[in-house]
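Reader: I would like to go through this model by question and answer. Please begin with the helix packing and then take the sheet, the loop and the pockets.

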Amino acid sequence: MLFAIFAFATCGGYSGELRLSVDCANKSESDLSIDIAFAYPFRLHQVNFEAPTCEGKRQEKLALIGDFSSSAEFFVTIAVFAFLYSLAATVVYIFFQNKYRENNRGPLIDFIVTVVFSFLWLVSSSAWAKGLSDVKVATDPDEVLLLISACKQQSNKCLPVRSPVMSSLNTSVVFGYLNFILWAGNIWFVFKETGWHSSGQRHPADTMEKQPGGYNQGGYNQDSYGPAGSYNQPGSYGQVGEYGQSQSYGQSGPTSFANQI
């Protein structure tokens, strides 16, 4: 929420001003302080100002060039909606946790919205970064001086006095990309709340549970050593009736040995 606030506040609340100086050959016709103010949403073609023509007292009415409102308004709109959704999601997480997890619908909606906002943050930030570079060119005092007819005459001196400060607009672009990183990183944490992640974890567990049964029954104890000649047969080795009878095992040795003698 805080990063969304910073994004739309630094862009939507911007206002700037530049100042020009037109020094005519006839000093009485000069205007050394031409102030041109502009602001969000940067419809610069609607920003008008007057400049001397250096031909008597006549003034010419001019306007800046360009309309960059679409990218700026798109960026601010995404930031506002992201803030509202973050606020609503926080309320749901805290006070309506049970309904959020009911039928797994809440996490799925949250996951889809998070993916959409991540994409929109990337698109809007890139569009606004391009729009901001165009705004900087259109409001460059040296470029604006080219619009004044008096500045095309070498006898007149036209100078930029003050350039607009664009630091807050640069900050808005940075916050735009930071919001994209935050939302994109949050996709994993929201995905862990969905049933897709839970079902993906259950399948390996079921496979591991089935493997021991098949492994013990798969003929390891019955087929591998069993037919090899009563080496692992529990009937001939483990039963006391056959293994524990000492008469058949103990008497046959000495008797045969005595007979041989």
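Reader: At what angle do helix 2 and helix 4 pack, and how far apart are their axes?

Author: This is a predicted model. Helix 2 packs on helix 4 with the axes at an angle of about 155 degrees, and the distance between these axes is 9 Å.

Reader: Which orientation class does that give for helix 2 and helix 4, and what is the hand of the crossing?

Author: Angles over 145 degrees count as roughly antiparallel. Helix 2 is therefore roughly antiparallel to helix 4. Where helix 2 passes helix 4, the crossing is left-handed.

Reader: How are helix 1 and helix 2 oriented to each other?

Author: The axes of helix 1 and helix 2 cross at roughly 150 degrees and come within 8 Å. Helix 1 passes helix 2 in a left-handed crossing. With the class of roughly antiparallel set at angles over 145 degrees, helix 1 and helix 2 are therefore roughly antiparallel.

Reader: What is the orientation of helix 2 and helix 6?

Author: Helix 2 and helix 6 have axes 12 Å apart and pack at an angle of about 45 degrees. The crossing of helix 2 past helix 6 is left-handed. Roughly parallel needs an angle under 35 degrees, and roughly perpendicular needs 65 to 115. Helix 2 and helix 6 are therefore oblique to each other.

Reader: How many bridges join strand 1 to strand 2, and which residue of strand 2 stands opposite Ser15?

Author: Strand 1 covers residues 15–23 and runs antiparallel to strand 2, with 7 bridges between them. Within this pairing, Glu17 stands opposite Ala37. The residue opposite Ser15 is Ala39.

Reader: Which residue of strand 5 stands opposite Asp23?

Author: Strand 1 also pairs with strand 5, in the antiparallel sense and over 5 bridges. In strand 5, the residue opposite Asp23 is Lys157.

Reader: Where is the cis peptide bond?

Author: Pro41 is found in the loop between strand 2 and strand 3 (48–52). Omega is about 10 degrees for the cis bond, which joins Tyr40 and Pro41.

Reader: Which residues lie nearest the centre of the largest pocket?

Author: The largest pocket holds about 270 Å³ of space. Its lining has 15 residues, and those nearest the centre are Met1, Ala82, Ser86, Trp183 and Asn186.

Reader: Which helix gives the most residues to the lining of the largest pocket?

Author: Two or more lining residues come from each of helix 1 (2–12), helix 2 (69–95), helix 4 (105–138) and helix 6 (167–191). By class, the lining has 9 nonpolar, 5 polar and 1 charged residues. The most, 6 residues, come from helix 2.

Reader: How much space lies in the second largest pocket, and which element gives the largest share of its lining?

Author: About 170 Å³ of space lies in the second largest pocket. Helix 2, helix 3 (97–101) and helix 4 each give two or more residues to its lining. The largest share is 5 residues, from helix 2.

Notes:
Residues numbered from 1 in each chain as written. Predicted model: local features only at pLDDT ≥ 70, side-chain atom pairs only at ≥ 80, totals over all residues. Heavy atoms only, no water. 1 Å grid on protein atoms, 1.4 Å probe; cavity = no way out; pocket = protein on both sides within 12 Å on 5 of 7 lines; lining within 4 Å. Points joined across faces, edges and corners; volume = space filled by probe spheres on them. Helix = DSSP H or I, 4+ residues; strand = E, 2+ residues; numbered from the N terminus. Nonpolar A, V, L, I, M, F, W, Y, C, P; charged D, E, K, R; others polar. Pairing = 2+ DSSP bridges. Axes fitted to C-alpha atoms, helices over the stretch in contact; angles between N-to-C directions. Left-handed = near helix turned anticlockwise from the far one by under 90°.
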